[in-house]
Amino acid sequence: MTTTLQEQLKNLFFHSIFGRDCTVTVCVNLWLLVLGYLDAFHHKELRTRQKNTMKKQIPGLLNTTMPISTYCSNRSDHVFWDLYHPTQATAHIFVDTIFDGSSQYTLPINPLVPAVFLFGDSLFDVGNNNFLISLAKADLPHHGIDFPTKKPTGRFSNGKHCADFIAEKVGFQTSPPPYLSLVFKKNKASLFMNGVNFASSAAGIFNETLPQLGDKIPLSKQVEYYATVYEELVKELGSSAAQHRLSKSLFVLEFGTTDLASYALTPEPQIKYTRQQYVNLMSSTLKGQLKRLYNYGARKFVLPGLGPVGCMPGQRVTSPTDDCNEESNHWAVKYNEELQLMLQELKSELHGFSYTYLDSYTVLQNIIQNPTPYGFTKVKAACCGLGRLNAMNLCLPISSYCSNRNEYVFWDMFHPSEATARIFVNTFFNSPSQYAFPISVRQLIAI
Ligand SMILES: *[C@@H]1O[C@H](CO)[C@@H](O)[C@H](O)[C@H]1NC(C)=O
């Protein structure tokens, strides 16, 4: 009987009403709802007061449980006591479910890790570049039109992006703040406690990427900034507590697109290296920086591989038939191979080093080749931009933008839409490890 009721409840509260994906906001609201509900349910005074108030407002509506009503004898077989209220049995199971520490429904409220540190380029930037002199800045309309504040935030997206969804998935209610927004604040250690975002649009593994775009924080500098965070945490918590905290935290590094673009667009690296040498150097340079992070206490690493970068609208538009740029895709695959080999090496070299490699390529390729089940109708054109495929320029205030943004895989010529980012992150957190090697993100967290 209990099982049946429990199933009914789960369906009722989490699936039919709130949808399968219990987001932070929904869970918090749900939580408040439950508390209010239980209050009214258990306190006679409150119940009477509420009833009286409502009676004044809506006479006749509260003819719920009247002395003339019939009532059942098998009350614990019923989900509802009256037409608005659950039975005691329901309330019991409901509270048990919520308070069960390992319950999947309370995950978004209790963070699974102490902190998340994010490193990367414009796919992760949450506002660092707004503090720099750069052309790679998402501080203009129409960026952020679907963000909770409806304002541009420095994210190259209509709303949230992958960095935000990762933070939500591990249970934080806010995305870790951009490092450069914190440098002049007092009491920094407390601001660093749950993680920091170092990502910077146009940044690469190499110091010099896309010089045309101005200032950025390349990987080596992002790691230097992290070192200052490390020092602050050690000062605040003491060395061993800080080490422990960091060893349980997630370090997510998303790099490579910018470096490959830089090779294609600037003559210098082409003179110095073949593309294969360049890709090898990307991987070995990243390896050096991962070791530095390890020396500053990092143990759990998440590394998304490159997606099919040749299928971004900005690359398709160079083909007269809107096809993906196969050469770009080829080198993304090559880099992903190098990255995976390098991670295997690191794991054998560094004691306690753990990682999850995310097969972004397959996941995004699946979406692009078979968009309908995901709710997408537009895989080639960008939502916001100018010219053919909306891909002749980035999203500018003079650009037109689409209204059905959830149907577009891409927000602008280079960046996925919020809908894509959400699906992307969900895939790695929800599914078994089919697209994550050698262990899933959840297994990494559990170590
Ligand atoms: C990259 O820049 C850092 C300073 O942020 C410097 O220490 C490092 O040597 C540079 N790397 C290369 C390969 O130039």
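**Cysteines, disulfides and a ligand**

Cys-162 counts as buried, because its relative accessibility is 10% and buried means under 20% relative accessible area, exposed over 50% and partly exposed in between (1.4 Å probe, protein chains only). Keep in mind that this is a predicted model, where local features need pLDDT of at least 70, side-chain atom pairs count only at pLDDT 80 or more, and totals for chains, interfaces and linings use all residues. Residues are numbered from 1 along each chain as its sequence is written, and side-chain values use heavy atoms, with hydrogens and water left out.

**Another cysteine to look at**

- Cys-72 is partly exposed, and its relative accessible area is 23%.

**The disulfides**

- How many disulfides does the structure hold? There are three, a disulfide being a pair of cysteine sulfur atoms within 2.5 Å.
- One of them links Cys-311 with Cys-324, at 2.2 Å from S to S. This link is right-handed, with 110 degrees about the S-S bond.
- Cys-311 sits in the loop between strand 3 (300-304) and helix 12 (313-316), while Cys-324 sits in the loop between helix 12 and helix 13 (326-349), so the pair ties together parts that are 13 residues apart in sequence. Helices (H or I, at least four residues) and strands (E, at least two) are DSSP runs, numbered from the N terminus.
- Both Cys-311 and Cys-324 are buried.
- Cys-383 pairs with Cys-402, at 2.1 Å from S to S. That disulfide is left-handed, because the torsion about its S-S bond is about -105 degrees.
- You'll find Cys-383 in the loop between strand 5 (378-382) and strand 6 (384-385), and Cys-402 in the loop between strand 7 (400-401) and strand 8 (408-410), so this pair ties together parts that are 19 residues apart in sequence.
- Cys-383 and Cys-402 are both buried.
- Cys-384 is joined to Cys-395, with 2.1 Å from S to S. Here the link is right-handed, with 70 degrees about the S-S bond.
- Cys-384 lies in strand 6 and Cys-395 in the loop between strand 6 and strand 7, so they tie together parts that are eleven residues apart in sequence.

**The ligand**

- Which residues are around the ligand? They're Asn-207, Ser-220 and Glu-224.
- An N or O atom in the side chain of Asn-207 is 2.4 Å from an oxygen atom of the ligand.
- For Glu-224, a polar side-chain atom lies 3.3 Å from a ligand oxygen atom.

Definitions and conventions: A residue is near a molecule or strand if one of its heavy atoms lies within 4 Å of it. A polar contact is a pair of N or O atoms within 3.5 Å; within protein, one must be able to donate a hydrogen and the other to accept it, and residues adjacent in sequence count only if both atoms are side-chain atoms.
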